[in-house]
There are 2 protein chains.
Amino acid sequence: MIDIQPVLAGDRLALSRLLTAVENDTPDGRRALSELFAHTGRGHLIGVTGAPGTGKSSLVNRLARHYRGLPEGEQPSVAIVAVDPSSPFTGGAVLGDRIRMVELSGDPGVFVRSMASRGSLGGLARTTAGLVQVFDAAGYEIIMVETVGAGQAEVDIARLADTTVVVEAPGLGDDIQAIKAGILEIADVLVVNKADRPGVESTERALRNMLGLAHPVRRVFRHHGTRITAPDEPAVEQQGPIWVPPICRTVSTEGTGVPELVQAIADHRKYLETSGDKLRRDRARLETELRQGVRATLESRWREGIVNGFFDQVLEDVVARRRSPQEGVALLVQGETG
Amino acid sequence: MIDIQPVLAGDRLALSRLLTAVENDTPDGRRALSELFAHTGRGHLIGVTGAPGTGKSSLVNRLARHYRGLPEGEQPSVAIVAVDPSSPFTGGAVLGDRIRMVELSGDPGVFVRSMASRGSLGGLARTTAGLVQVFDAAGYEIIMVETVGAGQAEVDIARLADTTVVVEAPGLGDDIQAIKAGILEIADVLVVNKADRPGVESTERALRNMLGLAHPVRRVFRHHGTRITAPDEPAVEQQGPIWVPPICRTVSTEGTGVPELVQAIADHRKYLETSGDKLRRDRARLETELRQGVRATLESRWREGIVNGFFDQVLEDVVARRRSPQEGVALLVQGETG
């Protein structure tokens, strides 16, 4: 039985233990999550995602340091969840996280948690959601989730975020176009990091062109001749029901452009609150969580109900091509109810 | 009702229609898959995966052209499934595939199929498995599945393959290390593409170092002083129960190194057959398929059993923080059985 009171009161050791329980999906962890839930919904969740080589980790680090360097009284507490897909087998934290932990350590207003991507991706997104809820309930005001890689994984995890920051960098090669299209559709703020490198203009131009494709509503407006804020103009100029993702240039190794990025994130947060999008995103997130929970419960109940050895017997038939997988599934599910 | 006989007889139009039915997961498609299953297990399935910017598409294209350019009588028929995660929303095929289709079109021994990554990743892997089974049953001897991106997605899809080819390229940035660790563990053959670019030696060196970490069995052997084949030596020197992933250098734009890569893939295929790994992989694949099928069946049955509007009602309670998601799930699953 995990007591959630110390976690709510800011006890770091209790927090750390609870995070482990949630990550391992223990019954105690699930019970504590359920109890904590009433305290959630206050933090601002920022997803930071993008292709390999864009310098995300160092940017997240800079963001955390910026938030913590604000004048006394305006410093939000910061939690970082680094989702590390480096190894589904060994589950080790990557070097970058260790460096970051050292840099940010000693600040009681920062908590960094690395997570290996274990099991299925659905499981990964669910576990991440759990960790975020713990940080939210524990009173962390800024919660950043950083994901490495690109594709459906990023999309799933980015759905968790209030503000999704997509990081690009100049000159990442020819496949990058394919990645961007999907990732751009979930972007609230775009960053061209390593902006001191050659090719930054063409990267930004490509992003701007693709934004038109990814956000069709903007095309419609353009078509009707109504001028709206271009993505490279300051986000503060944006108003009304449409959010146009701004493009920020940063050099994370030097901190260049980080204050402007923080401002863009703050603008998006304000937009979420005034437009009603915040509630819509919260609802969508919780709907996903319910559906995933139902799926997991059904499966574990099925596993308990099935006769020992029956699964292996069906599998042998399928391996020998005596039965198709479809026939096997029908048998296995029948076995549970009969 | 889909007649599978024309597909088995090599009718391309019937094949194309069946692939669409399987991709859309229609009842007819599922039935046809089940009927076709007895004809599967003959093709060699090659997964080609790696980070963005490595030139995978062009390499897959070169491989296909190489296979089709072999002397008469030794030309395998080739199917290509390009899994395109570019957009979970629009589902468009990327430019590269269109170019490829044009280049390979007119050859009746080649079939290219692009797939958008729709829905959940679990769904994507399942659909890909279905398409591969169709090609396998239809008599395609080489079936290549190309995936863009990196992370759990690649791992899941690569589990489908008999031979997993992981493509790298020099100078893809600093995050690349984190990606490689996970991806390397599933690699059977490694490729350093764009090998005419600077940095190829250091990329190869990094790969070789990481191979030691990713394949602990090799470390053990090294520890005991037993010399085993280094990954850069020709794969034909490898024997016994251990497969050490060879590293091939290629320049896919010019075709350099492609014959050596084809040889490495052929060596791995021979290894699979002699070591018993082929059967083990087939079994693991089918086990995953059974489990996923059970999961999907349980969920759709639950969806049918639930009272209309009950899900939305529970969701509202959760959004209002009157109930935790855990409590909501318990109610929803109870609702089904009670």
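Trainee: In which helix of chain B is Val333(B) found?

Mentor: The model is predicted. Val333(B) is found in helix H14 of chain B.

Trainee: Is Val333(B) buried or exposed?

Mentor: Buried means under 20% relative accessible area. Val333(B) has a relative accessible area of 2%, so Val333(B) is buried.

Trainee: Leaving aside its neighbours within four places in sequence, which residues is Val333(B) in contact with?

Mentor: Look at the chain letters here. From chain A come Val294(A), Thr297(A), Leu298(A) and Arg301(A). From chain B comes Trp302(B).

Trainee: What separates the C-alpha atoms of Val333(B) and Gly305(B)?

Mentor: Those C-alpha atoms are separated by 9.9 Å. Along the chain, Val333(B) and Gly305(B) are 28 residues apart.

Trainee: Now helix pairs. How are two packed helices described?

Mentor: Two values are used: the angle between the axes and the distance between the axes. Take H12(A) and H12(B). Their axes come within 9 Å and cross at roughly 115°. The two helices are therefore roughly perpendicular to each other. H12(A) passes H12(B) in a right-handed crossing.

Trainee: Which residues make the contact of H12(A) and H12(B)?

Mentor: H12(A) gives Val294(A), Arg295(A), Leu298(A), Glu299(A) and Trp302(A). H12(B) gives Val294(B), Arg295(B), Leu298(B), Glu299(B) and Trp302(B). By class, the contact of H12(A) with H12(B) has six nonpolar, no polar and four charged residues.

Trainee: At what angle do H12(A) and H13(B) pack?

Mentor: H12(A) covers residues 277–305 of chain A. H12(A) and H13(B) pack at an angle of about 120°, with their axes 10 Å apart. They are therefore oblique to each other. Their crossing is right-handed.

Trainee: Which residues meet between H12(A) and H13(B)?

Mentor: On the H12(A) side are Leu279(A), Asp282(A), Arg283(A), Leu286(A), Glu287(A), Leu290(A) and Arg291(A). On the H13(B) side are Phe311(B), Val314(B), Leu315(B), Glu316(B), Val318(B) and Val319(B). The residues of this contact divide into eight nonpolar, no polar and five charged.

Trainee: Why is H13(B) largely enclosed by the rest of the structure?

Mentor: Count its buried residues. Seven of the ten residues of H13(B) are buried, so H13(B) is largely enclosed. The buried residues are Phe310(B), Phe311(B), Val314(B), Leu315(B), Asp317(B), Val318(B) and Val319(B).

Trainee: What comes just after H13(B)?

Mentor: Start with the general idea. Most residues other than glycine have a negative phi. Now the case here. Just after H13(B), Arg321(B) takes a positive phi of about 60°. Arg321(B) is not a glycine. Its place is in the loop between helix H13 (310–319) and helix H14 (325–337) of chain B.

Trainee: And in chain A, what is the phi of Arg321(A)?

Mentor: Phi of Arg321(A) is near 65°, a positive value in a residue other than glycine. Arg321(A) lies in the loop between helix H13 (310–319) and helix H14 (325–337) of chain A.

Trainee: Next, a pair inside chain B. How do H4(B) and H11(B) pack?

Mentor: H4(B) spans residues 56–68, and H11(B) spans residues 258–275. They pack at an angle of about 80°, with their axes 10 Å apart. H4(B) and H11(B) are therefore roughly perpendicular to each other. Leu59(B), Arg62(B), Leu63(B), His66(B) and Tyr67(B) in H4(B) meet Val258(B), Pro259(B), Leu261(B), Val262(B) and Ile265(B) in H11(B). By class, the contact of H4(B) with H11(B) has eight nonpolar residues, one polar and one charged.

Trainee: Now a strand. Where is Thr147(B) found?

Mentor: Thr147(B) is found in strand S4 of chain B, residues 142–147. Its relative accessible area is 3%, so Thr147(B) is buried. The C-alpha atoms of Thr147(B) and Ile157(B) are separated by 7.9 Å. These two are ten residues apart along the chain.

Trainee: Zoom out. How many helices and strands does chain A have?

Mentor: Chain A comes to 14 helices and seven strands. Buried residues make up 56% of its 338 residues. Consider contacts in chain A with a separation of 6 or more: residues 24 or more positions apart account for 74% of them. Chain A exposes about 14,200 Å², and carbon and sulfur atoms supply 52% of that area.

Terms used. Residues are numbered from 1 along each chain as its sequence is written. Chains are lettered from A and ligands numbered from 1 in the order in which they are written. This is a predicted model: local features need pLDDT of at least 70, side-chain atom pairs count only at pLDDT 80 or more; totals for chains, interfaces and linings use all residues. Side-chain values use heavy atoms; hydrogens and water are left out. Helices (H or I, at least four residues) and strands (E, at least two) are DSSP runs, numbered from the N terminus. Buried means under 20% relative accessible area, exposed over 50%, partly exposed in between (1.4 Å probe, protein chains only). Contact means heavy atoms within 4.5 Å. Accessible areas come from the Shrake-Rupley method with a 1.4 Å probe; for residues, only the protein chains shown count as cover. Axes are lines fitted to C-alpha atoms, for helices over the stretch in contact, and angles run from 0 to 180 degrees between N-to-C directions. Angles under 35 degrees count as roughly parallel, over 145 as roughly antiparallel, 65 to 115 as roughly perpendicular and the rest as oblique. A crossing is left-handed if the near helix is turned anticlockwise from the far one by less than a right angle, and right-handed if clockwise. Ala, Val, Leu, Ile, Met, Phe, Trp, Tyr, Cys and Pro count as nonpolar, Asp, Glu, Lys and Arg as charged, and the others, Gly among them, as polar.
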